[in-house]
Amino acid sequence: MFADTVIAASITYLIMLVAFFWHRFRTFHISVMVSVMIFDLLMPFYLYANRDWKTRLIDDGDILSFLVWTHFGLLIALFVLYTIQVAAGRKLIKGDMSARNEHKNVAKGILLTRALVILSGGLLVQAEAT
């Protein structure tokens with residue numbers, strides 16, 4: 001069984017997909033995307049506060065796991081893409097349509113990267129359960 005955090009992240013991913021395809025409804029699109037970004041930024045703090053990471057990472061030796069480092073790298077990539085996306089989105093809001101292609105292409109990268117973050121997080125939860 002997946003942890004509640006993986007289920008919550010998967011639900012927000014589906015909502016993010018809806019907002020991606022409904023980009024013409026700007027208020028909906030912007031509010032959903034910003035909310036998902038905030039959710040993703042706060043999730044590590046939630047996990048840190050509610051999981052025994054020292055035991056798992058240090059005592060059990062998972063810090064050397066390829067999957068842990070893959071998940072961490074994907075998270076860093078996601079946060080970098082979010083930063084680029086916010087900059088491009090702000091340009092669009094100001095009326096600079098030259099940022100439209102960048103915004104759309106970065107959005108596709110975010111969708112792919114976030115799916116991989118959720119998948120690797122789910123695999124880490126499964127590894128913890130066994």
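User: Which helix gives the most to the nonpolar patch?
Analyst: Helix 4 (residues 66-93) does, with five residues. Helices here are DSSP runs of H or I with at least four residues, strands are runs of E with at least two, and both are numbered from the N terminus. Before we go on, this is a predicted model, where local features need pLDDT of at least 70 and side-chain atom pairs count only at pLDDT 80 or more, while totals for chains, interfaces and linings use all residues. Residues are numbered from 1 along each chain as its sequence is written, and side-chain values use heavy atoms, with hydrogens and water left out.

User: Thanks! Which residues make that nonpolar surface patch?
Analyst: Ile 58, Ile 63, Leu 64, Trp 69, Phe 72, Ile 76, Val 80 and Ile 84 make it, and it covers about 790 Å². Patches are made of residues with over 30% relative accessible area and no salt bridge; like charges are joined within 9 Å, and nonpolar side chains (Val, Leu, Ile, Met, Phe, Trp, Tyr) within 5 Å. Accessible areas come from the Shrake-Rupley method with a 1.4 Å probe, and for residues only the protein chains shown count as cover.

User: Let's pick Ile 76. Where is it?
Analyst: Ile 76 is in helix 4. Its relative accessibility is 41%, so it counts as partly exposed. Buried means under 20% relative accessible area, exposed means over 50%, and partly exposed is in between (1.4 Å probe, protein chains only).

User: And Thr 83, buried or exposed?
Analyst: Thr 83 counts as exposed because its relative accessibility is 55%. Thr 83 is also found in helix 4.

User: Can we zoom out? How many helices and strands are in the chain?
Analyst: The chain has five helices and zero strands, which reads as α-α-α-α-α along the sequence. Its C-alpha trace spans about 55 × 25 × 20 Å along the principal axes. Of its 130 residues, 35% count as buried.

User: New topic: salt bridges. How many does a search of the whole structure find?
Analyst: The search finds one salt bridge. It joins the side chains of Arg 114 and Asp 40, at 2.6 Å from N to O. The pair links distant parts of the chain, with Arg 114 in helix 5 and Asp 40 in helix 2 (residues 26-50), 74 residues apart. A salt bridge is a side-chain nitrogen of Lys or Arg within 4 Å of a carboxyl oxygen of Asp or Glu.

User: Are those two buried or exposed?
Analyst: Arg 114 and Asp 40 are both buried. With a relative accessibility of 1%, Arg 114 falls in the buried class.

User: What does Arg 114 touch?
Analyst: Leaving out residues up to four places away in sequence, Arg 114 touches Ala 9, Thr 12, Tyr 13, Met 16, Val 36, Phe 39, Asp 40, Leu 78 and Tyr 82. Contact means heavy atoms within 4.5 Å. Arg 114 itself sits in helix 5 (residues 100-129).

User: On to helix 1. Which of its residues are buried?
Analyst: The buried residues of helix 1 are Thr 5, Val 6, Ala 9, Thr 12, Tyr 13, Met 16, Ala 19 and Phe 20. They are on the same side of helix 1, because they cover an arc of only 130° around the axis. The arc is that of the directions from the helix axis to the C-beta atoms.

User: What's exposed on the other side of helix 1?
Analyst: Asp 4, Leu 14 and Phe 21 are exposed there.

User: What about Phe 20? What is it in contact with?
Analyst: Setting aside neighbours within four places in sequence, Phe 20 is in contact with His 29, Met 33, Ala 107, Lys 108 and Leu 111. Phe 20 and Ala 107 are 87 residues apart in sequence, yet 7.8 Å apart in space, C-alpha to C-alpha. Phe 20 has a relative accessible area of 16%, so it is buried.

User: Last one: where is Ala 8?
Analyst: Ala 8 is in helix 1. Its C-alpha atom is separated by 34 Å from that of Asp 96, which is 88 residues apart from Ala 8 along the chain.
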